[in-house]
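Please read the following briefing alongside the sequence and the coordinates. It moves from overall figures to individual elements and residues.

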Amino acid sequence: MSAENDPAQRVAIGISFGNSYSSIAYTTGEGKAEVIANEDGDRQIPSFLSYVGGEELHGGQAKAQIVRNAKNTVAYFRDFLGQEFKSIDPTAAHQSAHPVQHESTVAFKIQDTEEDKENEVTVADITSRHLKRLRQSASDYLGKQVTAAVVTVPTNFSDAQKSALNKAAKEAGIEVLQFINEPVAAVLAYDARPDAKLADKIVVVADLGGTRSDVAVIASRGGIYTILATVHDYEVTGLKLDQVLMDYFAKEFLKKNKSATDPREDTRGLAKLKLECEAVKKALSIGSSANFSVESLVSGIDFTATINRTRYDLLGNKLFAAFSRLVLHAVEKAQLDPLDVTEIILAGGNAHTPKVAATVGAAFPESTTILAPSTNPSAINPSELPVRGAAIQASLIEEFDLEDIEQSTHPMVTVTPHLSQAIGVLCISGEESSGIFHPIVDAETSLPVRRTAIIATPREGGDVLIKLAEGSRHIKVTKPEPKPKKEKDEDDEDDSDEDDESDEEEELREKTWKVGKILSEAAIRGVKKGGKVEVQINIGADLGVNAIYREVGGKGGVRGIIQGSKAANGSA
Amino acid sequence: PVLPQGWTAEKDFKPIGSLSAANDRNIEPVGHHFLAHARRKRHKRTFSEDDRI
């Protein structure tokens, strides 16, 4: 084993590689993820490469070349990697070097040497050069050679794409320790904060990127994540938002300069318009108005204008609404209701736009937390989420052997059973004979699992019967209110409604539980007045349940075992 | 609920049903809780055994 691959000598970072932007991050000694700025001072490094007289420009410098040197500038290439030429959508790359077919893959015809001739450079080579520059920036910052990384990928990235990316990374001197999914990295970035509390929750990660939007619904159960549904869209994008601004300013320009050409019909005019509109969009995320100013936009005419946020919100309205529908669609695809969603994490550069957070937030009940800079002071910069998650994961597995990582990732993940129903106990209700369902373990929790809960007993104490049952969640629509209010109606026909008196988790308040199969009964005798009972349940991968009931402060207790219906799968 | 009169069971515990079939899903191999899970699974340890170590 060479020194490069020795886990002890490894320097690992997190890399988020996007079509529009890439970023790099590392984890400090104290376990805090820090995003690294490149030599231009950019934390969001444009995924652009440009060649001028044989010199390679990268990031922001390359992006600026889109005006004067568009055909030797390569951009928006991530999604071309490991793909067949006919399956790619080259729209985004229209203004830069065009992708061409090269054997079975994709290449760009660019003049990347001092010689006056065009070379066909494959997308794999471009990726590798891009990663090499990222690696260099990180190495310069850290003062030691970076040798390994955890790289984020979209959830629908195929194995062919991953292996192409792995190869390109190797070429760039980076050993990819693991590919992790972008939305999961975003959740990890939040959960790894020291003040974060682990809970069982449904998290939706809505990533509004430049060339694509991805939404993932994730069940987070005690820090273990399961993706329930994903939605990908290539129509509702940040580039479309830029387009909205481009159209607006082009029209304003034509109004003021009646005889001028439309800047959208001039290649350079269009490129300048586009760069400036993206800058305006970013400025509008921070300030309530922004200046648009381009020197010699078209036909030698300078153009300056201003726009306020209200106007932009109006212009982008359709796209914001479409994005919000996309999020709802993903929730539906997971067979959930907006009421089930505890948190929405907005990711991607366009999540900085306050109106995006407002529109998505409006589609969900008030109980849902929207994590975006404009709605939550503790929100993390949406552009940095995936890379922070990757850096955290990199620090966790840095010292493992590659073989170890592979072994404990693949077979481990696929075989985990998840509960199809919530499991809980019946708590006291108005009637003494029946009870209200109090969930202890939510549905979609991976097994094995152990959970403990404390439940109240009848006020007068005495002997208590504890029933363990399955429950399913129902959404009760109380009219005329579109959704059930927090205060419950005492005289409602349905008496198995809200369980707020014993339950502290507010996400359950507006849902109702229907009691399913009863699993077991147990008796606790002689409970003190106002006593509480601690319930601990262990569910094995074989669906066997081991339950322990004990009065808080009391001794002894009752324990019981319910045999699993599924035979334990051997010793495997 | 209150214990009904005459309810008895061996050691005060009476199993009645078993869990509905589980769905097999992929969990994401990310985060230290996953790593702990992987470690338990590879060494075939239970939660309480893991706590003791």
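**Overall picture**

In chain A, residues 24 or more positions apart account for 63% of those contacts that have a separation of 6 or more. The model is a predicted one, and its chain A contains eleven helices and 28 strands, whereas the secondary structure of chain B comes to two helices and two strands.

**Chain totals**

- Chain A has 572 residues, of which buried residues make up 55%, and its accessible surface comes to about 25,100 Å², with 48% of that area belonging to carbon and sulfur atoms.
- Chain B has 53 residues, of which 38% count as buried, and its elements follow the order β-β-α-α from the N terminus on.
- The accessible surface of chain B is about 3,200 Å², and carbon and sulfur atoms contribute 48% of it.

- Three strands of chain A form an open sheet in the order 6-5-7, with antiparallel pairing; strand 6 (55-58) and strand 7 (73-75) of chain A are the edge strands, each of them pairing on one side only.
- Neighbouring strands of this sheet are turned against each other by 15 degrees on average, direction ignored.
- Strand 5 (residues 48-52) of chain A is joined to strand 6 of chain A by four bridges in the antiparallel sense, and A:Leu49 stands opposite A:His58 of strand 6.
- Helix 2 (residues 123-142) of chain A lies across strand 5, strand 6 and strand 7 of chain A, and runs at about 70 degrees to strand 6 of chain A.
- With 20 residues, helix 2 of chain A reaches 28 Å from its first C-alpha to its last, which is close to the 28 Å expected at 1.5 Å a residue.
- The buried residues of helix 2 of chain A include A:Ile126, A:His130, A:Leu134 and A:Ser137; an α-helix has 3.6 residues a turn, so residues three or four places apart point the same way.
- Just after helix 2 of chain A, A:Gly143 takes a positive phi of about 75 degrees.

- Leaving aside neighbours within four places in sequence, A:Asn69 is in contact with A:Ser50, A:Tyr51 and A:Val52.

- Strand 13 of chain A pairs with strand 18 of chain A in the parallel sense over five bridges, and A:Asp207 stands opposite A:Ala347 in strand 18.
- Strand 18 of chain A also pairs with strand 19 of chain A, in the parallel sense and over three bridges, where A:Ile345 stands opposite A:Leu371.

- Not counting residues up to four places away in sequence, A:Phe323 touches A:Ala206, A:Asp207, A:Leu208, A:Ser213, A:Val236, A:Leu346, A:Val356 and A:Val360.

**A contact between the chains**

- A:Thr414 belongs to helix 11 (residues 402-414) of chain A, and its relative accessible area of 35% makes this residue partly exposed.
- Apart from neighbours within four places in sequence, A:Thr414 is in contact with B:Arg25 and B:Asn26.

Note on methods. Residues are numbered from 1 along each chain as its sequence is written. Chains are lettered from A and ligands numbered from 1 in the order in which they are written. This is a predicted model: local features need pLDDT of at least 70, side-chain atom pairs count only at pLDDT 80 or more; totals for chains, interfaces and linings use all residues. Side-chain values use heavy atoms; hydrogens and water are left out. Two strands pair if DSSP finds at least two bridges between them. Axes are lines fitted to C-alpha atoms, for helices over the stretch in contact, and angles run from 0 to 180 degrees between N-to-C directions. Contact means heavy atoms within 4.5 Å. Buried means under 20% relative accessible area, exposed over 50%, partly exposed in between (1.4 Å probe, protein chains only). Accessible areas come from the Shrake-Rupley method with a 1.4 Å probe; for residues, only the protein chains shown count as cover. The expected span of a helix is 1.5 Å times one less than its number of residues.
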